[in-house]
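Hello,

Here is the structure I said I would pass on. My notes on it follow below.

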Amino acid sequence: MKAPIYRENARILFGTLVALAVWELLGAYTSWGVAMFPAPTRILAQAFVDRELYALHGLATLKTSVFGFAIGVSVAVLAALVFCRLPGVELAFRGVNITLFAMPAIVIGPLLVLFLKGDWPQIVLAALMVYFPAMSATLLGLRTVDPRIADLVAAYGGGEGALMRHVRLRGALPDLFAGFRVAAPLAVLGAVLGEFGSGTRWGFGAFLLSALPQGNPARLWGIGLAASAIALAGYALFLLPARRLSASSSAVTLAAVQPSARPKGGASTRRIVLTLVAVALPFVIWWLGVTLSHVSPIIAPGPGRTVMFLIEGKQAAAARAALGHALGETLPIAALGLLAGLAFAFVLAALTLLAPALARGLMPVALVAQNMPLVAVVPVVVLVFGRGTASSVFMAVLVVFFPAYVLLHQGFTSVPRAASDLVAAYGGGRWKQLVHIAVPWSVSYLFAAARLVAPQALLGVMVAEWLVTGVGLGNLLNVSRGGLNYDMIWAGALVSILISVAAYEGVGLIERRIAR
Amino acid sequence: AGSPLAFQSIWINDPEFIGYFIAIDKGWYTEEGIDLTYIPGGPDVIPQAALLTGKADIALTSLIETASAVSEKGATFKIIGAQFQKSPDSVISLEQSGIKTIKDLVGKTVACPPLSLGTFKVLLGLNGVTEDQLKIVPYAFDPTPLATGQVDAVVDFMTSLPFIVEQTSGKKASYMLFYDFGLPFGQDLVTVSEETLKNRRKDIVGFMRASRKGWNEEIAHPDKYVKEYENTWFKGNGYTPEAALFHGKVQLPLMENPNGIFAMDDAWIDKNLATLDKVGVKADKSLFDTSILAEL
Amino acid sequence: MNALPARDFDLPPSQGADRTVDLIVDRAGKTFETARGPVRALEPIDLKVPRGAFVALIGPSGCGKSTLLRMVAGLEQPDDGGAILVRGKHPEQFRKEGELGIAFQDAALLPWRSVTENIFFPLQILGRPVRPEAARIQSLVELVGLKGYEAARPGQLSGGMRQRVAIARALVTDPSVLLLDEPFGALDQILRRQMNVELQRIWAARQTTTLLVTHGIDEAVFLADTVVVMQAQPGRIAEIIDVPFARPRLPSLFSAPEFHALCDRLTVSLHSEGGHP
Amino acid sequence: MNALPARDFDLPPSQGADRTVDLIVDRAGKTFETARGPVRALEPIDLKVPRGAFVALIGPSGCGKSTLLRMVAGLEQPDDGGAILVRGKHPEQFRKEGELGIAFQDAALLPWRSVTENIFFPLQILGRPVRPEAARIQSLVELVGLKGYEAARPGQLSGGMRQRVAIARALVTDPSVLLLDEPFGALDQILRRQMNVELQRIWAARQTTTLLVTHGIDEAVFLADTVVVMQAQPGRIAEIIDVPFARPRLPSLFSAPEFHALCDRLTVSLHSEGGHP
Ligand SMILES: Nc1ncnc2c1ncn2[C@@H]1O[C@H](COP(=O)(O)OP(=O)(O)OP(=O)(O)O)[C@@H](O)[C@H]1O
Ligand SMILES: Nc1ncnc2c1ncn2[C@@H]1O[C@H](COP(=O)(O)OP(=O)(O)OP(=O)(O)O)[C@@H](O)[C@H]1O
Ligand SMILES: O=C([O-])O
Ligand SMILES: [Mg+2]
Ligand SMILES: [Mg+2]
């Protein structure tokens, strides 16, 4: 049993070396390689030259990411605990939750810069990116309880409190760590994005921004890879405990009733009221924030003014037309990116079952790709995909697949041994395990993943539109910002958030349908 | 300590702002009784917004955005000085592509930052080129597409890009200033709100005086401070020393004015208003306030 | 030996009259709503169990034994019109007192807890300190023959071992009402007999009111004061039979002719009507 | 009746010589690595089962019965030096042929599948069409007494019903090698007898090589050609006992004196050594 693992590792090592060699050749001996896709040795050499800068910028990014991660994850875990105990509160806050996650960076970045000083804009951006995925994964874990154990606790008079303390918290650990694994790279991404925009002097984002105009691809790639390395380290940090935990956390035998993550639906009038609250709450917070902070309405119009901007006055029709046109360009691509990203995540998660060696080999590549600051990959994306739909879809896939992958994979690893034994006993291979066990077992994870990445897809496309294609909502928001047209920015943000909420709820609807 | 004054710059620390750095290091703001906070800019930083929220008291801004904020959004900004008489905004291309006029862009691919798109289109129109005669793609700070021929021209400041393209690709690059092709306007305009102008006149005058002194020092000793700041103000900003030197030198002719740095004479103001008119932004002379300059 | 009609009587007259009634099942039936329509798991049934009585439930698979036990534990609600009282309280209230012990048909161990930790889990739910009970917990581990496996996780145990953990867990609270759903189903006969004897001892020491679901007729007769025979389709009580043997009952009882006679009598009762289709 | 030492012999001589050996267990032991150090579940054991033989495994809880069965199914690997061959193939290969049927100690039903869907699950795993087997699947549903519950989910079944689904599932592939791990543990005696008779019928019809783990000594004697008695700590084969009764065996055998005699003989063997601590 030990030999194959050695052989597998050797194969991975060999594959990596071959890939590096190909990269080296392409990077050193093709003209576009020299210009955009520098050879690993050149990247290393440049990094060596820049080593002092790497230390300065790297430490800043590390600090920002760690703070952002810690804040985001703490709030996420607390929120998940509250939401698990009080599902009504979760429903009421759903609008706020999705808003926090779906708020385009193009909108949130400049606002953070305006209101926060020092490193806080990038720390808060990192925390914001972390919050929702970490909260979703933790909540999923907290809610998934073996019904047999729930009965046991109830029989001893234990209420929700005892169940939470003794069962949910421990049972949620693997999912919590999955959430951390999604969150850690996102924290780095948020930090780098924040540093890129905020004008701070230190951090890989700032380094990247200043390196971009210098036509030094080896340095750009070096920065990207270094940022990825931090993200990768964060991911790996939470992979190790998760491996150990998963083994001891999934049930040995199959419960007759599948553990479900769906809270019991309360009375329908209550649901309706809470849904209304969910819709209203973000507006209330928006209104309060704008009112209490006394910011100029030019920059921060309240909800009333933003809605009016779209329905009243002579410029309203033009604004609606501009938004409508932009959405027409953005939405189909976002939908495509969502599906493609989910499909890719699914394939990768499936590969961890079907061809673990291949998956393990692909994982670092996928992780690096996910964490390369998007601005750094733009030239290569343009080279490979051009400046059309393919680029946008690719960028959407890039931001979508990873959180989806981690959640799916988490679902796959929580399959009870008894179920896989059954398939094995009938000679079923990995493929049958996947189709007949892993997938049906992980439905709730699949849907959680889809809900989580629906807003992400929109963001990915918007970034692509901003940097690559110059069309759609991303471009409209960017241009509006330059023109200090904050009315349009907020209107665009509002619409994109409403779409994200709709996508989130749509996935939930499909899930309820399927679960009957 | 002097009275606190927050200055919002428009980009990250590079030679574009060396005059202010000199003035800070020499203590000239302090001498004016000002405790200056220098806030670097960046892609997410909208200097006008910083003025509106009170995060900054004084800011470097761009003409069109500031003017439209005033005319369309009711902001009360005053432009009280112009760092660049001529904006470095340019169309940059490789010499080998033979692009010498805007007309030559017909049939080419041009990378333009989305934020400059409106202005660029006006520039095209003024030169008798219609939008559908060329292909415009987004541009994000990166010279590589130009160097590798993915695009034929880019819209960017000429302060470093031509040098870098030459350095990295060995191909000579040339540029056409917007200013010289029918769209004359200034850049890095020193902007304050009316309120600040009224209440903090003394500090603003002090700021302008010290800043001018800084720029004059730079003009008197080109290269000296660029080299000196390599490891302080510019540390970590990615510039090679050569690129920084180029930048430091190439920008000065765009700034100089017989009436001193920041000058805004009537002819210049008229040109700027005409440009605003061409891009469709309503504005009049009241956008500019030359009284501070008069006090220096 | 004393067969009675299925309704309205107190148990067990054999053990002396006017004892407090611990468990009252009053016209409690159970209908499950399913996608295929309602499933009548249990007709409304009546049952009274005096304090300290040992009642065995036997009956064909699917006749509602587990459902009845779960109703007593408050895990299922009887249909409208039915009620269950344990020591005068609703099950949901009673179980909070920590006087209930339960072992489910399926062991339902927490996969991340060791044997010992699984055993003392009910104490934690009840908010009782675990430390002072360490010796007692260890004696329970030994009682169910798991010495040496204290630190093992459920995934490292055999099926029978897991079931024994569940038995020990049911006893850890020193319950005064004990519900056991086929607790010995996965044990070999020897161990089963041992456990039968131990259970009798524990029951006798505290006069724990016990409801035991079992498929072992001999087990039922050996342990119970009263055997409730149920039938399926629909689930109902067919007959209630007193077991007259004196206590304590020794293993030798298993080979006594009157023991076999009673077992045969029960087998007949089980076969009699509505057994298996 | 014929007691033999625990090693190196063929089974069952009673059923006629030189039959093909279907199952060879060759010095197969099993040690589990745990955090608490290695656990020796099974000493290296030897066993040969001829084609069509019915072998019952009995032994105390934790003696390695399930482990042995799982090794035969290829779900656990024997320790180094041991090997298992089923019809001359390694278990991993053999099971791919679809000639294996297995029922685990734990029913292991997929909660998202209906009764029928759970029963035909092995067919899907083997890539066989399900449609043409519809009638046979329905007859299996009826065999295990679950008519009317075809569409029910496991969560809507009683414990015994779930176990019956698992039995039907083990039979659905029409296996030539059948591994049953306490398949009747949750069934009442009547149903158990019925299932015993049915199992004998099915086994006889196809001469299915069968390995049955059971705690019912009577069940073992009624069904098996050979009873393998195991002991625990360490898990090992203590004795192998032939069952000489003629086939087909009728339920009346259960009350025959020679039947009881053999059962008693087995009980003694079980008690003899290293039973429970
Ligand atoms: N949650 C449920 N939903 C629908 N039907 C149910 C549910 N639980 C039990 N039933 C049905 O109720 C009947 C009684 O089930 P119960 O589990 O009480 O039987 P039991 O007597 O314990 O049987 P066994 O001896 O097999 O464990 C069965 O027909 C079963 O199908
Ligand atoms: N995965 C495992 N890890 C560690 N130890 C194990 C594992 N599986 C089984 N064991 C140990 O191996 C021994 C034999 O277990 P096995 O399940 O084969 O017993 P069994 O004879 O089937 O018992 P039962 O009748 O209780 O089902 C037990 O001591 C058990 O603790
Ligand atoms: O858990 C992993 O993502 O591999
Ligand atoms: Mg039951
Ligand atoms: Mg077993």
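A:E52 and B:K235 form a salt bridge, with the closest N and O atoms 2.8 Å apart. Please keep in mind that this is a predicted model. The rule finds two salt bridges across the interface of chain B and chain A. It also finds eleven residue pairs in polar contact across that interface, both residues being at pLDDT 80 or more.

On the side of chain B that touches chain A, at least two residues each come from helix 3 (47-53), helix 4 (63-73), strand 7 (135-138) and helix 7 (161-169) of chain B. Helix 3 of chain B gives the largest share, five residues. By type, this side of chain B divides into 23 nonpolar, 16 polar and six charged residues.

As for the extent of the contact, 50 residues of chain A and 45 residues of chain B take part. The area buried between the two chains is about 4,000 Å², and carbon and sulfur atoms give 63% of that area.

The other item is a metal site in chain D. The magnesium ion (ligand 5) is coordinated by D:S66 through OG and by D:Q105 through OE1, at 1.9 to 2.2 Å. These two residues are 39 residues apart and link distant parts of the chain: D:S66 lies in helix 1 (residues 65-72) of chain D, while D:Q105 lies in the loop between strand 6 (100-103) and helix 3 (115-119) of chain D.

Are the two residues buried or exposed? D:S66 has 18% relative accessibility and so counts as buried, whereas D:Q105, at 22%, counts as partly exposed. The cut-off for buried is under 20%.

Regards

Note on methods:
Residues are numbered from 1 along each chain as its sequence is written. Chains are lettered from A and ligands numbered from 1 in the order in which they are written. This is a predicted model: local features need pLDDT of at least 70, side-chain atom pairs count only at pLDDT 80 or more; totals for chains, interfaces and linings use all residues. Side-chain values use heavy atoms; hydrogens and water are left out. Contact means heavy atoms within 4.5 Å. Buried area is the accessible area (1.4 Å probe) that two parts lose on being put together, summed over both. A salt bridge is a side-chain nitrogen of Lys or Arg within 4 Å of a carboxyl oxygen of Asp or Glu. A polar contact is a pair of N or O atoms within 3.5 Å; within protein, one must be able to donate a hydrogen and the other to accept it, and residues adjacent in sequence count only if both atoms are side-chain atoms. Helices (H or I, at least four residues) and strands (E, at least two) are DSSP runs, numbered from the N terminus. Ala, Val, Leu, Ile, Met, Phe, Trp, Tyr, Cys and Pro count as nonpolar, Asp, Glu, Lys and Arg as charged, and the others, Gly among them, as polar. Donors are N, O and S atoms within 2.8 Å of the metal (3.2 Å for Na, K and Ca); water is not among the atoms, so sites may look incomplete. Buried means under 20% relative accessible area, exposed over 50%, partly exposed in between (1.4 Å probe, protein chains only).
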